[in-house]
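Visitor: I am new to this structure. Please show me how to read it, one feature at a time.
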Number of protein chains: 2
Amino acid sequence: MPGHHPARSRRTTERKGDVRERVILDTCEALLARKGYDAMTVGDIAQGAGITRGALYFYFGSKQEVVTALVARTVEHLWERSRATAQADEPRQAIAAAMRRTVELWNEHGLVMRTAIDLSLSVPEIGELWSRTADLFITAITAVLERAGVQPGTEPDQASAMARALCWMIERTFYHASQESREKLQKASSTCEHIWLVSAGLTV
Amino acid sequence: MPGHHPARSRRTTERKGDVRERVILDTCEALLARKGYDAMTVGDIAQGAGITRGALYFYFGSKQEVVTALVARTVEHLWERSRATAQADEPRQAIAAAMRRTVELWNEHGLVMRTAIDLSLSVPEIGELWSRTADLFITAITAVLERAGVQPGTEPDQASAMARALCWMIERTFYHASQESREKLQKASSTCEHIWLVSAGLTV
DNA sequence: GACAAAAATCGACGTCGTGTAGAGTTTGAA
DNA sequence: TTCAAACTCTACACGACGTCGATTTTTGTC
């Protein structure tokens with residue numbers, strides 16, 4: 001997101017600015033945890049990164065751009081992880097694996113994910129990023145449901161519609177649980193997994 | 001929320017200020033729809049209500065207080081409506097009735113409800129208001145689940161935990177659907193109802 | 001209907017955070 | 001060495017917020 005100076009591609013040695021950029025994002029993440037988005041000021045970020053406001057505006061055009069870059073960095077990581085996870089064939093296993101992975105993601109990046117959700121409305125760029133991420137999950141859930149025998153086409157239990165609802169359930173449940181504690185997150189995961197299983201027709 | 005002058009209770013004739021207060025909230029709601037929370041300024045609200053900024057600060061201490069009052073007004077209405085709805089005995093009927101009512105509420109007050117959700121984090125007062133509202137729904141869902149035979153105590157399918165997850169599913173699904181169209185809202189409702197039914201063990 | 005108290009309104013002010021401008025310094029490749 | 005780019009800083013202008021004190025209008029009472 002270094003919008004100002006386009007030609008900083010193909011390069012072996014790391015520019016000083018690349019480091020700064022990373023430090024800025026790290027600082028932003030820390031401040032987000034400590035003060036929250038509204039209370040966090042551009043001056044705070046700059047100070048935390050050891051530069052002045054003026055210098056920060058060389059890297060990012062606004063406070064929103066900083067946070068957008070932070071979200072982008074995190075979301076990038078989510079996508080990587082999603083790609084890396086092998087798709088199990090057996091629905092029960094697939095569901096268990098997916099929930100396990102989701103718990104991990106929220107444990108590691110809960111703060112930024114919550115921020116992304118919160119800012120999805122006011123910062124369209126972030127909204128886009130998050131919605132693309134959600135679509136990834138919805139697609140995956142849909143696949144599992146269909147493999148478990150849920151009809152792809154008939155309303156209202158068509159797989160994709162159900163997948164969407166289940167995705168929002170997981171998002172919101174984890175959103176809240178991740179604010180509390182790891183234990184809550186684990187319990188929330190169990191509950192969501194159970195509902196997912198039942199919805200897939202895999203009753204115990 | 002007329003915090004400034006406490007002793008305005010028991011009164012038959014309506015003060016001029018009571019009208020203004022209502023006009024301010026109405027204006028705020030309209031602006032919220034047109035520009036969104038961030039873009040909406042205190043000056044905008046005042047101008048829309050036909051007064052100056054200074055006058056508005058006589059009624060409310062801040063922009064947040066105005067929106068909080070608006071949310072409070074709406075939430076009050078939700079509670080009223082919830083109380084008025086008779087609790088059907090038969091689970092299937094109860095679920096159908098609840099979803100029907102939820103669709104109505106989101107159709108009428110979707111904008112303010114979405115705003116309440118968005119500001120739950122940054123405005124603690126609103127967070128409290130909304131969380132209390134959610135608890136109402138969770139309690140209701142729990143009751144239905146238990147009446148349908150879901151164990152109240154055993155993990156992870158204890159009724160209250162499932163109810164919480166289902167509540168968040170409905171909230172988030174309706175949140176998104178109500179931004180699109182009434183049709184989407186209706187479809188979303190069907191899907192949520194289906195998942196709720198299945199979760200209650202009332203498989204078709 | 002007059003009059004005092006309360007309610008309501010206004011305009012001006014100080015503060016804070018944002019984003020921009022321009023000038024100066026460092027870095028690195030030719 | 002030199003020159004352009006990458007980088008940094010201080011200073012400024014703007015907009016929104018919230019406060020203050022003075023002033024006008026409304027309200028209830030005699």
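Visitor: How many salt bridges does the structure hold over all chains?

Guide: First, a caution: this is a predicted model. Now the general idea. Side chains of opposite charge can pair when their charged atoms come close. Over all chains, the structure holds 16 salt bridges. Take one of them: Arg73(A) meets Asp26(A), with 2.9 Å from N to O. This pair links distant parts of the chain. Arg73(A) sits in helix H4 (residues 63-84) of chain A, and Asp26(A) in helix H1 (residues 16-34) of chain A. They are 47 residues apart.

Visitor: How many aromatic pairs are there over all chains?

Guide: A pair of aromatic rings is described by the distance of the centres and the angle of the planes. The structure has four such pairs over all chains. Look at Trp106(A) and Phe174(A). Their centres are 6.1 Å apart, with 50° between the planes, and the pair is tilted. Trp106(A) belongs to helix H5 (residues 91-119) of chain A and Phe174(A) to helix H7 (residues 159-180) of chain A, so parts 68 residues apart in sequence are tied together.

Visitor: Now the interface. What area do chain B and chain A bury between them?

Guide: The size of an interface is often given as the accessible area lost when the parts come together. Here chain B and chain A bury about 2,300 Å² between them. Of that, 66% is on carbon and sulfur atoms. On chain B, 27 residues are in contact with 27 residues of chain A.

Visitor: How many salt bridges are there between chain B and chain A?

Guide: The count is two. In one salt bridge, Arg172(B) pairs with Glu171(A), the closest N and O atoms being 2.9 Å apart. Helices H5 (91-119), H7 (159-180) and H8 (182-199) of chain B each supply at least two residues of the side that touches chain A. H7(B) gives the largest share, 12 residues. By class, this side of chain B has 12 nonpolar, eight polar and seven charged residues.

Methods. Residues numbered from 1 in each chain as written. Chains lettered and ligands numbered in written order. Predicted model: local features only at pLDDT ≥ 70, side-chain atom pairs only at ≥ 80, totals over all residues. Heavy atoms only, no water. Contact = heavy atoms within 4.5 Å. Buried area = accessible area lost by both parts, 1.4 Å probe. Salt bridge = Lys/Arg side-chain N within 4 Å of Asp/Glu carboxyl O. Helix = DSSP H or I, 4+ residues; strand = E, 2+ residues; numbered from the N terminus. Nonpolar A, V, L, I, M, F, W, Y, C, P; charged D, E, K, R; others polar. Phe/Tyr/Trp six-rings, centres within 6.5 Å; stacked < 30°, edge-to-face > 60°.
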